[in-house]
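Please read them with the structure open.

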Amino acid sequence: MVPTGTEETICRLVREYSDMLLRLACARLSCVSDAEDAVQEVFLRLLTAPVSFRDAGHEKAWLIRTTLHRASDIRRRAAKRELPLEEAVQMAAPEPGVELLQAVRALPEQYGAVIHLHYYEGYSIKEIGKLLGLPAATVGTRLARGRERLRALLKEEIT
Amino acid sequence: MNWNDYKKAVDALPLSDDFQERTQELVRRQAQKEKERIAMKKKGFVRVMAAAAAVALFTVSAYAASRWLSPSQVAQMHGDPTLARAFESGDAIKVNQSVETENFCVTLAGLVSGENLSRWNSQADKAHTYAVMILESLDQSPLERDNFPLDEYTFTPLVAGYTPWSVNNWTLHAGVSNMEQDGIIYYLLDVQSIEMFADHTVYLAFYQGTVPSRDTFTMAEDGTISFAEDFEGPHALFTLPLDQSKADPAAVERFIEESGFDKEWFTTVQPDEPDDGMEYDVQETETEDGIHIEILPKSGEETSGKELN
């Protein structure tokens, strides 16, 4: 068991995971400051509601899932203030990678998260399954459907 | 277009170099606040607030209810006609119970649960609960959304038998919208459906503070949740009249599993801090300000007084 709730432990988690979690949150949220808020809330939650992790894998999985949940909350709250996401993609005329990033953000969480973890962080389907608590087959399906949706959004083949 | 472009775009995001440092500093500051609060509790002065403890729940009169917007009107004001219709449906529960606490009258107007009840819900396939709470001042001074510190107050569901820090707004992925009309503030809470817990007592708590903690709530051995005896600030606890047949223990199991936490964290109140193996004497002295509690090592254990913090 890895106890949390102490300042030292949480600061260690910040050092180890905050960059990865911030990029993950940025793949779900278009505003960097919102992404920062989501990640900081995750770490502060460990302070007020300490939990014992089974091992380092469980620790990382919990941080990833909780970050995705917080990002999802922030998206939902912001949804009514924003343009429909497809429209936002069409309006933008940015660099190819930025366009793809915006399209990934526009995907529902179930697809966007696995796409980012696979194509940016380089996790295998099996590893993503462990991190998100999903069967590997489900991750594979989400990856495939996510790519299909991206194609539809971008109206071109993804190589 | 390829995934290398995606990587480049992510790497080019304007992330601040000092995010790690700022986050660590935030954690340290917050940890210090927690330590100070615990120290105050351990050796400090506990004020007896007998009068403030006498908060009573009452059903509001038809006159009072008529002054307020109905849950359906609140949903309309939020731009959600779908939810407005849901609040008028037979599935909606009208509560209209109030608690007067310090300078506030807090009212739980009603709630409704189900799938596809809101146009703003991006998880249409997942059931949600929506509740409307009303906040007004008792001294007739209008509450204004722009001036009122909304962030300092929390409305959150809690469930008997589950620790308040495990089942609440934060773990149920809640969203709260606030609206103001005629000096009255309306809260519209949108949270993952709490009907799955309907075979337990389900509460809606209002209090001054943020994430539920051991300083705010206690859970008795039978699972009953109440505010901590020395909790200060406006607070109220409503019991929700949910239909027990809507309980879904399998969904609760999934919720716990998906949380990533151990089940024990949900159901057991862990000790406040590790036992240091020492025994202490507790001395209580009545003062004008209340009761002064002093905790000292038992005679013979240590020669000098040790402060607990």
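**Notes on the predicted model**

1. Start with the layout of chain A. From the N terminus on, its elements run β-α-α-β-α-α-α-α-α-α. That gives eight helices and two strands in chain A. Bear in mind throughout that this is a predicted model.

2. Chain A has 159 residues, and buried residues make up 40% of them. Take the contacts in chain A between residues at least 6 apart in sequence: 64% of these join residues at least 24 apart.

3. Chain B has eight helices and 14 strands. Of its 309 residues, buried ones make up 31%. For contacts in chain B between residues at least 6 apart in sequence, 66% link residues at least 24 apart.

4. Now the interface. On the chain B side, 36 residues are in contact with 44 residues of chain A. Two helices of chain B, α1 (3–11) and α2 (19–43), each supply at least two residues of the side that touches chain A. The largest share of that side, ten residues, comes from α2(B). By class, the side of chain B that touches chain A has 18 nonpolar, eleven polar and seven charged residues.

5. Look at one residue of α2 in chain B. B:Gln24 lies in this helix. Is B:Gln24 buried or exposed? B:Gln24 is buried, because 20 other C-beta atoms lie within 10 Å. Leaving aside neighbours within four places in sequence, B:Gln24 is in contact with A:Cys11 and A:Val14.

6. The other chain B helix to check is α1, where α5 of chain A crosses it. The axes of α5(A) and α1(B) come within 7 Å and cross at roughly 85°. That angle makes α5(A) roughly perpendicular to α1(B). From α5(A), the residues in this contact are A:Pro96, A:Gly97, A:Val98, A:Leu100 and A:Leu101; they meet B:Asp5, B:Tyr6, B:Lys8, B:Ala9 and B:Val10 in α1(B). The residues of the contact divide into seven nonpolar, one polar and two charged.

7. Helix α5 of chain A also packs inside its own chain. The axes of α5 (residues 96–106) and α8 (residues 136–154) of chain A come within 10 Å and cross at roughly 120°. The pair is therefore oblique: α5(A) against α8(A). Their crossing is right-handed. α5(A) brings A:Glu99, A:Ala103, A:Val104 and A:Ala106 to the contact, and α8(A) brings A:Leu150, A:Leu153 and A:Leu154. By class, this contact of α5(A) with α8(A) has six nonpolar, no polar and one charged residues.

8. Then α6 of chain A. This helix is mostly covered, with nine of its eleven residues buried. Those buried residues are A:Tyr111, A:Gly112, A:Ala113, A:Val114, A:Ile115, A:His116, A:Leu117, A:His118 and A:Tyr119.

9. A:Tyr120 lies in the loop between α6 (109–119) and α7 (125–132) of chain A. Why does A:Tyr120 count as buried? A:Tyr120 counts as buried because it has 20 C-beta neighbours inside 10 Å, and 20 is enough to meet the cut-off for a buried residue. Which residues is A:Tyr120 in contact with, leaving aside its neighbours within four places in sequence? They are A:Arg23, B:Tyr6, B:Lys7 and B:Val10. A:Tyr120 and A:Arg23 are 97 residues apart along the chain, and their C-alpha atoms are separated by 9.2 Å.

10. Last, the nonpolar cores. In soluble globular proteins, nonpolar side chains tend to be buried together. The largest nonpolar core here has 52 residues; B:Met133, B:Tyr187 and B:Leu189 have the most contacts inside it. Not counting residues up to four places away in sequence, B:Met133 touches B:Val106, B:Thr107, B:Leu108, B:Ala109, B:Phe155, B:Tyr187, B:Leu189 and B:Phe206.

Terms used
Residues numbered from 1 in each chain as written. Chains lettered and ligands numbered in written order. Predicted model: local features only at pLDDT ≥ 70, side-chain atom pairs only at ≥ 80, totals over all residues. Helix = DSSP H or I, 4+ residues; strand = E, 2+ residues; numbered from the N terminus. Buried ≥ 20, exposed ≤ 12 C-beta atoms within 10 Å, placed from the backbone. Contact = placed C-beta atoms within 7 Å. Nonpolar A, V, L, I, M, F, W, Y, C, P; charged D, E, K, R; others polar. Axes fitted to C-alpha atoms, helices over the stretch in contact; angles between N-to-C directions. Parallel < 35°, antiparallel > 145°, perpendicular 65-115°, else oblique. Left-handed = near helix turned anticlockwise from the far one by under 90°. Core = buried A, V, L, I, M, F, W, Y, C linked by C-beta atoms within 7 Å.
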